[in-house]
Amino acid sequence: MTAATHASPFPQVPDSADAVLDGLDPEQREVATALHGPVCVLAGAGTGKTRAITHRIAYGVRAGILQPSTVLAVTFTNRAAGEMRGRLRQLGAGGVQARTFHSAALRQLQFFWPKAVGGEVPRLVERKVQLVAEAAARCGVRLDRNELRDVTGEIEWSKVTQTVPADYPAAIAKSVREAPRSPAEISQIYAMYEQLKRDRGVIDFEDVLLLTVGILQDRHDIADRIRSQYQHFVVDEYQDVSPLQQRLLELWVGDREDLCVVGDASQTIYSFTGATPDHLLNFRVRHPQATVVKLVRDYRSTPQVVHLANGLLAQARGRAAEHRLELISQRGPGPDPVYTEYGDEPTEAEGTARRIRDLIASGVPASEIAVLYRINAQSEVYEQALADAGVPYQLRGAERFFERPEVREAGVALRGAARAGGNDPLLDDAADLPSQVRAVLGTKGWRPEAPAGSGAVRDRWESLAALVRLAEDFAGAREGATLSDLVAELDERAAAQHAPTIEGVTLASLHSAKGLEWDAVFLVGLTEGMMPITYAKTDEQVEEERRLLYVGVTRARLHLTLSWALSRSPGGRASRRPSRFLSGLRTGSAVTAGQRGAAGGAGGIERGVAARRKHRGPVRCRVCGKTLTDGGEMKLMRCEDCPSDMDEALYERLHEWRAVQAKVTGQPAFCVFTDKTLMAIAEAVPSTESELTGIAGVPARKIARFGADVLTICAGQELADVEGED
């Protein structure tokens, strides 16, 4: 079992309980066979914790020791719960409930509310932020967008730590948190928010947990009924449990001991939501008879990546650091991590895009590459750089796959074709399942080749193409599979939110990357003020930032690049410093004061440069003279709000020319030039290659390929016919 080997999306169901244990290492097997009493699994990154706990449940079910309906597995995201349900189904334990804390609590609340309270459960508030804004306005407090988000976060933290409005000022004084506004003001807004909810008969997600806890505490008959239903509990990512979730878990379990928890204190990265690793670290204190198993064999990452990850944690301090797990890679050697320093952020983005393009050319699938950053605001410059480099990408956190309109339409069409069977003329020439799916989805916009262009058309095609690839994998794994079988598989995947893979480089924040992995990972923007983030003031907050970087490092299987830029914009003052967390890890750096036990890391430093921007000064708006830092504005050479002098007719001609080029070259239109670049050209109307070079988004390789055409169009001249060109 190695991380280098990608598992089939449709593995064969084990034919016996003992077969469920096949392929597990000794520690994983210990987890899988420890079916009684409290069990605590301390699992490092990449050690197969989800594999261990799903095989534990499946082994218990297949051996007849556990009844599927009596097992409740809880985790923290719908994606993780869906993945767990999918794995259990593949292991022959499909009847087990795997849910998030909120999902399980909401289900129980809806069922028992009529008996415990009467009537129907209050509806969930759709936009909490809007209600908080109204509460603030009623209190005479004006909040900007960032303050509104932060105050909403404070209310959520207060509720999961079971802090009422009147106690908020005292609670914040005792904590290491820094209130975004006066504690008295937040307390007042919090109280008004609660009042508005009561007046309108609505509840929020935190109320779902609070109300369920209240009912179970007050109604012992209901608590006993839930305990008779669920007798075995498994909690994944236990280091992220909040005090409120821990209380709910205690009420579910009662005085029994059939509880298995899994976690890693070194991956605690959600303390701002009230999460704390204390419940994991104190598990043995609360359960002295607990079986404790440590998983440290890393099947995901190469020794080089693991060495860096271990070295990063070796410098950590605090209680979580005292319980860190030293990972041991089970893979063969790979390339050393690469450290790259750039002059400015756009150059860093361009350098990253070039490396990604080279990786894809060497055979690494785009879907196996990720660019991870600290905050979402960092994504735009990488979106632009990847588009300029002709590299497809997807933003993590977008709409759920099975909720996309085109996927729903495809499901309806496939279901109709399955019902019609041999009577559907669409399937007359389709010899096998994949060809049947291609025929049906062809009526919804799927084509063998990706469409020229980006945006909605390309997104729709990518969704349909993902379904076609899924059908091909399904047919290869299930001999004789029919269209009806595939429709049933899609229904099960939709229920589990188990989406197929979409080809494209992933852009994601470090927080949203938790639980995922890729062959190649680029950790970008690693400067002081961003990593650790500038508002991490206390030692505890700084250590959480270190753990966040550790999570990023351990997402990589094979290739790992860490980079930073010395200034924000081209020509800016090089005042930034690389993250303190890299000290002692990269060649030539020393361990900073207060750090200890640094492990060496091979790889050295590469200084990245951009072919054109090496000597460029600050980019200024050509209308008002303001220094530009936004990637889109830098392309236009003006502020978004400043008046445009774009030649509309020229823009249309460039747009038409781009469509032809995209068709000829067989690539999306945005890979020729993005819309913003075309606008910049139409505004500048360059007459020479030198003037064209001065436009952001027009690198030397594109000038060599498209420069003559662009200048001809800008001069108002006709182009020669390009039909048949390479």
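In the predicted model, the protein chain has an accessible surface of about 31600 Å², and carbon and sulfur atoms account for 49% of this area. The chain contains 726 residues, of which 53% are buried. Its secondary structure consists of 28 helices and 17 strands. When contacts between residues at least 6 apart in sequence are considered, 77% of them join residues at least 24 apart.

Five cavities of 30 Å³ or more were found in the whole structure. The largest cavity has a volume of about 60 Å³. Its lining is made up of L35, H36, G37, R56, I57, L66, V71, H232, F233, V234, D258 and L259. By class, seven of these residues are nonpolar, three are polar and two are charged. Two elements, α3 (49-62) and β6 (232-235), each contribute at least two residues to this lining. The largest share, three residues, is supplied by β6.

The second largest cavity holds about 50 Å³ of space. It is lined by S266, L313, A316, R317, A320, A321, R324, E543 and R547. Helices α16 (319-322) and α23 (539-553) each provide at least two of the lining residues. The lining of this second cavity comprises four nonpolar residues, one polar residue and four charged residues.

Aromatic side chains were examined next. A pair of aromatic rings is described by two quantities, the distance of the centres and the angle of the planes. Nine aromatic pairs were counted. In one of them, the ring centres of F76 and F101 are 5.5 Å apart and the planes meet at 55 degrees, so the pair is classed as tilted. This pair links distant parts of the chain, the two residues being 25 residues apart: F76 is in the loop between β2 (71-75) and α4 (78-90), while F101 is in helix α5 (residues 101-116). With a relative accessible area of 24%, F76 is partly exposed, whereas F101 is buried, with a value of 1%. Another pair is formed by F111 and F112, whose ring centres are 4.9 Å apart; their planes are at 85 degrees, so this pair is edge-to-face. F112 has a relative accessibility of 7% and therefore counts as buried, the limit being under 20%.

F76 and F101 also belong to one aromatic cluster, together with F233 and W252. Of these residues, F233 is among those that line the largest cavity.

Terms used
Residues numbered from 1 in each chain as written. Predicted model: local features only at pLDDT ≥ 70, side-chain atom pairs only at ≥ 80, totals over all residues. Heavy atoms only, no water. 1 Å grid on protein atoms, 1.4 Å probe; cavity = no way out; pocket = protein on both sides within 12 Å on 5 of 7 lines; lining within 4 Å. Points joined across faces, edges and corners; volume = space filled by probe spheres on them. Helix = DSSP H or I, 4+ residues; strand = E, 2+ residues; numbered from the N terminus. Nonpolar A, V, L, I, M, F, W, Y, C, P; charged D, E, K, R; others polar. Buried < 20%, exposed > 50% of the residue type's maximum accessible area, 1.4 Å probe, protein only. Contact = heavy atoms within 4.5 Å. Areas by Shrake-Rupley, 256 points an atom, 1.4 Å probe, with all protein chains shown as cover. Phe/Tyr/Trp six-rings, centres within 6.5 Å; stacked < 30°, edge-to-face > 60°.
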